[in-house]
Amino acid sequence: MIKKISIILSTYNSPDWLEKTIFGFSCQTIKPNEILIADDGSDDATRSRINQLRDETGLNLIHIWQEDNGFRKTLILNKAIIQSTGDYLIFTDGDCIPRDDFVSKHIDKAKPGYFLSGGYFKLPMETSLSINNDQILSGKCFEIEWLKKHGLKATYKSTKLSAQGWRESVFNTLTPTKATWNGHNASGWRSDILKANGFDNRMQYGGEDRELGERLFNSGIKAKQIRYSAICIHLDHDRGYINQEALNRNLQIRNHTRQKRITRTNFGISELTINSEK
């Protein structure tokens with residue numbers, strides 16, 4: 001049984017998108033006990049916005065910041081894991097607005113020996129800019145007809161927003177998408193994540209989230225597919241941090257993890273706790 005829920009979400013210099021995400025958590029049917037904002041070096045505009053949102057929403061927002069020194073998402077996520085107090089951790093990003101049942105779906109589907117694998121519904125920039133806090137609080141921004149009026153071209157993927165009840169379960173079962181650890185929408189037991197030593201601090205953008213899931217698989221943890229259950233909409237943005245050299249290095253690490261059946265990285269949370277004791 002889950003005693004305490006911690007949300008861990010990453011952000012970097014996107015206070016407007018972060019605000020929309022936080023407002024999504026403010027109207028959850030089950031509120032998280034804490035939201036740890038893993039900030040990979042944002043400027044003071046993000047800090048100010050978080051302080052404002054803490055007052056506006058009443059949510060327990062914990063801002064964890066590190067200096068901007070390139071893409072170091074895994075490092076800041078590990079720092080957030082260390083400071084988290086929940087026995088169950090839900091991970092997402094500061095550009096993904098959760099539907100009001102997002103937390104409750106993760107809680108409902110959680111099971112010992114498993115992690116949960118969710119997805120997102122990607123929006124174009126025009127639609128992303130059209131969403132305001134009122135539409136988040138009312139749930140309008142999750143309605144297909146409203147989204148279509150504001151720039152979305154509806155496709156078969158739109159069923160992700162409308163699937164309910166038995167359809168939701170059927171789509172989760174039939175989807176060809178594998179259940180992997182997806183940083184924008186995944187959850188697991190804190191004890192399992194600590195045993196795996198968290199994320200690999202060597203990794204930059206490109207599969208850095210999935211590598212944790214691969215280590216969890218190697219240790220016997222299974223994954224449940226919830227991409228049609230726990231819904232979040234992804235706000236559009238540039239990806240100037242993509243680096244081919246880092247992608248190649250990440251691929252090498254992931255191949256090593258799979259081939260050697262690695263269950264615990266030597267470059268994770270323990271590095272931070274050891275360094276803090278020196």
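**Close-up 1. Residues around the second largest pocket.** In this predicted model, the second largest pocket is lined by K178, A179, T180, W181, R210, G213, E214, F217, N218, R254 and R258. The space inside comes to about 150 Å³. Look for two helices here: α11 (208-218) and α12 (244-259) each supply at least two residues of the lining. Helix α11 gives the most, with five residues.

**Close-up 2. An aromatic cluster.** F91, F115, W181, F199 and F217 come together as one aromatic cluster.

Close-up 3. Across the whole structure, a search finds eight aromatic pairs. One of them joins F25 and F102 in an edge-to-face arrangement, 6.0 Å from centre to centre and with 80 degrees between the planes. F25 belongs to helix α1 (residues 15-26) and F102 to helix α4 (residues 102-109), so this pair links distant parts of the chain, 77 residues apart.

Close-up 4. Because F171 sits in helix α9 (residues 165-174) and Y228 in the loop between β9 (222-225) and β10 (232-234), the pair ties together parts that are 57 residues apart in sequence. F171 has 24% relative accessibility and so counts as partly exposed, while Y228, at 14%, counts as buried.

Methods:
Residues are numbered from 1 along each chain as its sequence is written. This is a predicted model: local features need pLDDT of at least 70, side-chain atom pairs count only at pLDDT 80 or more; totals for chains, interfaces and linings use all residues. Side-chain values use heavy atoms; hydrogens and water are left out. Rings of Phe, Tyr and Trp (its six-membered ring) pair if their centres lie within 6.5 Å; planes under 30 degrees apart count as stacked, over 60 as edge-to-face and the rest as tilted. Helices (H or I, at least four residues) and strands (E, at least two) are DSSP runs, numbered from the N terminus. Buried means under 20% relative accessible area, exposed over 50%, partly exposed in between (1.4 Å probe, protein chains only). On a 1 Å grid over the protein atoms alone, a cavity is a set of points where a 1.4 Å probe fits but cannot get out, and a pocket is an open set with protein on both sides within 12 Å along at least five of seven lines; lining residues have an atom within 4 Å of a point. Grid points are joined across faces, edges and corners, and a volume is the space filled by probe spheres set on the points.
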